[in-house]
Amino acid sequence: MSSEAASNAIAELSLAPRTDTAKLIQLPEALLPYRQTGFAYIASLYSIGAGFPLDSVKTRLQTYKYNSVWHCIVETKRSEGIGGFYRGIVAPLTSSAFVRAASVAVYSSSLATTSQFFFSLYRPPTEGTPALEKIARMTPGVFFAGCIAGASCTLVSSPFEFTKLVSQIELLLMKERMGAAAGGTAGQIVASSTWKVARGLVAKNGVKALYSGYRYHLLRDLIGSGVYFTVYDGFKTGISSVLGKKAHPASVAIGGALAGTFSWIIVYPLDTLKSVVQRDCYSTMMGFTKKADIPKRKLSNMIHRGMYRGLGVSLARTSIMGMMFFSSYEWMIKNF
């Protein structure tokens, strides 16, 4: 019974659940093994495209001083136009969507192993287990599977994220470097494309340049992904139990929004530290700043209020993206 209960619990947590309900469209048998990764990729494209302008504002607030979020938005629009909010979007559309899809696949693959390990230490939840107890028993396996998923994808995601960040702040750095007048516009300076930025970094400093700030990226994604999947599955399970329906659309949407909110609150100082370190690295690579003039950054730098600059806009972004991603993903999984 314990083995059956464990299998049922893991199947319920899976992001590709077994279901006997009728499909809107029946995929060919040959495509079924790839539907989970494919749907996660499509849902990622959808959510990343919608949330990218807010991501751009978040990065600018983390790395430069603005009077407020609105000041950042107005100044970006004035100096760079609407395109300024989408600068660097090529990198996440081609990489982050793939990484998110890979993360979902790794999470689902790891979940059985991590959950079985913890269920060997204590009794797995059963059909009649109260919702809160059920969530508590599932949480350790979910958290560690999420950590594995987040950490495993950083070798691929880190270079693209650094390139994206450089694309987002390049004009600000160049404007600062050239001492542009306060009334001038960054539009007078021609920005590089995402791929040109990447090629320039590799040509100047080798492939290792693309991994600037990697340790902070790894730590952020390891912790953040663990919290992300834990919060999503916890709230989805809890809300669905109240509504009396597994994977209720409302529980999926709320769970997705809260997953982004909770995980980002926890890892945001790490993300700010990562962004600042990467900005410093790029500035020294390009000769904008001497290495000796840059203060040493360390984890203890996270312990002050300034590390939460831009948190509000970031929470709005991650909530929207989480809601859109999981709602569209779960809908596709259910109907195709």
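Predicted model: local features only at pLDDT ≥ 70, side-chain atom pairs only at ≥ 80, totals over all residues.
Good morning. The axes of helix α8 (residues 214-243) and helix α9 (residues 249-285) come within 7 Å and cross at roughly 165°. Here, axes are lines fitted to C-alpha atoms, for helices over the stretch in contact, with angles from 0 to 180 degrees between N-to-C directions. Helices are DSSP runs (H or I, at least four residues), numbered from the N terminus. The crossing angle makes α8 roughly antiparallel to α9, a term for angles over 145 degrees. The crossing of the two is right-handed, meaning that the near helix is turned clockwise from the far one by less than a right angle. In the contact of α8 with α9 (heavy atoms within 4.5 Å), 22 residues are nonpolar, 8 polar and 4 charged. Asp, Glu, Lys and Arg count as charged; Ala, Val, Leu, Ile, Met, Phe, Trp, Tyr, Cys and Pro as nonpolar; the others, Gly among them, as polar.

Residues are numbered from 1 along each chain as its sequence is written, and side-chain values use heavy atoms, without hydrogens and water.

The pLDDT, the predictor's confidence in each residue from 0 to 100, averages 82 over the protein chain, and 87% of the residues score at least 70.

Finally, S96 lies in helix α4 (residues 90-119). The C-alpha atoms of S96 and S157 are 6.6 Å apart, although 61 residues separate them along the chain. Thank you.

Technical notes
Parallel < 35°, antiparallel > 145°, perpendicular 65-115°, else oblique.
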